[in-house]
Amino acid sequence: MKMSSTAEPRLLILETSGRTGEVALARGPVIVQHRLLDETRLHARDLAPAVAAMLTDQGWKPSDIQGLLINRGPGSYTGLRVGIMSAKAFAYATNCALIAVDGFEAIARQAPAEILEIAVIADAQQDRVYHQRFKRSGPNPEMVAASLLRIDPFSDCLQTIDIGSWVTGPGLRTFRARLPTQVRVPEAASWDPHPATLLDIGLRKYLSGKQDDLWKLEPLYLSPSSAEEKCRLAQPRSVSSSEPRA
């Protein structure tokens with residue numbers, strides 16, 4: 001696996017967890033190319049051409065990429081699967097380092113500096129929500145996880161949100177109107193993970209020598225998709241030996 005100790009590695013960033021995907025190229029901590037993926041098209045159709053166009057514009061070859069940073073979720077089931085599979089294929093073909101970043105960590109870090117604690121939420125479908133709390137501690141700290149990532153009915157999640165507390169994340173587009181009016185939210189531009197934030201987290205991992213196993217990396221979601229659940233329920237149930245047979 002090609003990794004370099006240089007502070008300015010050439011990196012590819014993939015963000016496919018939401019309705020609109022983003023791809024970017026970075027040289028060290030600086031993003032040098034960026035593309036938005038058309039939200040009216042599937043990520044699978046748009047992702048490879050966007051990456052190819054960026055590489056051409058930058059004058060880089062795929063083999064020049066030293067590390068690939070991918071948001072592993074939570075988020076859209078389809079988007080995450082497309083992103084992870086594309087990242088694995090690219091990393092395998094180019095032998096670059098594969099580095100996964102937790103999307104909720106990135107979103108929490110985008111909160112204004114004066115916010116000391118914040119909950120991140122995302123729509124998990126069927127009136128359920130992904131949620132996780134983050135907080136700062138110590139002088140000039142970054143947000144760190146203060147709870148485990150959970151998926152719960154929105155009504156249960158609501159019980160964990162204190163009056164006057166801060167909430168962020170893409171789930172606000174679905175659930176904001178159902179939050180107490182005293183709950184505070186940051187600017188909508190910070191609700192989704194930005195490539196620059198994924199870069200900040202992923203570059204540190206890269207420079208410290210951390211990377212993910214491309215054979216084992218999976219999207220971060222805690223339950224099957226609606227399509228997978230329907231498929232499971234449609235399968236004929238096996239008859240137990242203790243049950244009477246017709």
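A: I201 sits in helix α6, which covers residues 195-207; helices here are DSSP runs of H or I with at least four residues, strands are runs of E with at least two, and both are numbered from the N terminus. The model is predicted, so local features need pLDDT of at least 70 and side-chain atom pairs count only at pLDDT 80 or more, while totals for chains, interfaces and linings use all residues. Residues are numbered from 1 along each chain as its sequence is written, and side-chain values use heavy atoms, leaving out hydrogens and water.

I201 has a relative accessible area of 5%, so this residue is buried. The scale calls a residue buried under 20% relative accessible area, exposed over 50% and partly exposed in between, using a 1.4 Å probe and protein chains only. Leaving aside residues up to four places away in sequence, I201 touches V101, E105, A106 and R109, where contact means heavy atoms within 4.5 Å. A100 is 101 residues from I201 in sequence, yet the two C-alpha atoms are 9.5 Å apart in space.

Helix α6 also holds D200 and R204, four residues apart, or about one turn of the helix. Their side chains meet in a salt bridge, at 3.6 Å from N to O; the term means a side-chain nitrogen of Lys or Arg within 4 Å of a carboxyl oxygen of Asp or Glu. D200 is partly exposed at 32% relative accessibility, and R204 is partly exposed at 45%. Salt bridges link D200 and R204 in a network with E105, R109 and E142. Two of these partners, E105 and R109, are also contacts of I201.

D192 forms a salt bridge with R173, with 2.5 Å between the closest N and O atoms. The pair links distant parts of the chain, 19 residues apart: D192 is in the loop between α5 and α6, and R173 is in helix α5. D192 is partly exposed at 26%, and so is R173 at 39%.

D192 leads on to the largest pocket, where D192, S17, G18, R19 and P170 lie nearest the centre among 27 lining residues. Two or more lining residues come from each of α3 (103-109), β6 (117-123) and α5 (172-175). The largest share is that of α3, with three residues. About 640 Å³ of space lies in this pocket. On a 1 Å grid over the protein atoms alone, a pocket is an open set of points where a 1.4 Å probe fits, with protein on both sides within 12 Å along at least five of seven lines, and lining residues have an atom within 4 Å of a point. Grid points are joined across faces, edges and corners, and the volume is the space filled by probe spheres set on them.

Elsewhere, the side chains of D57 and R35 meet in a salt bridge of 2.4 Å, N to O. D57 is in helix α1 (residues 43-58) and R35 in strand β3 (residues 30-36), so the pair ties together parts 22 residues apart in sequence. R35 is partly exposed, at 24%. In total, the structure holds 13 salt bridges.
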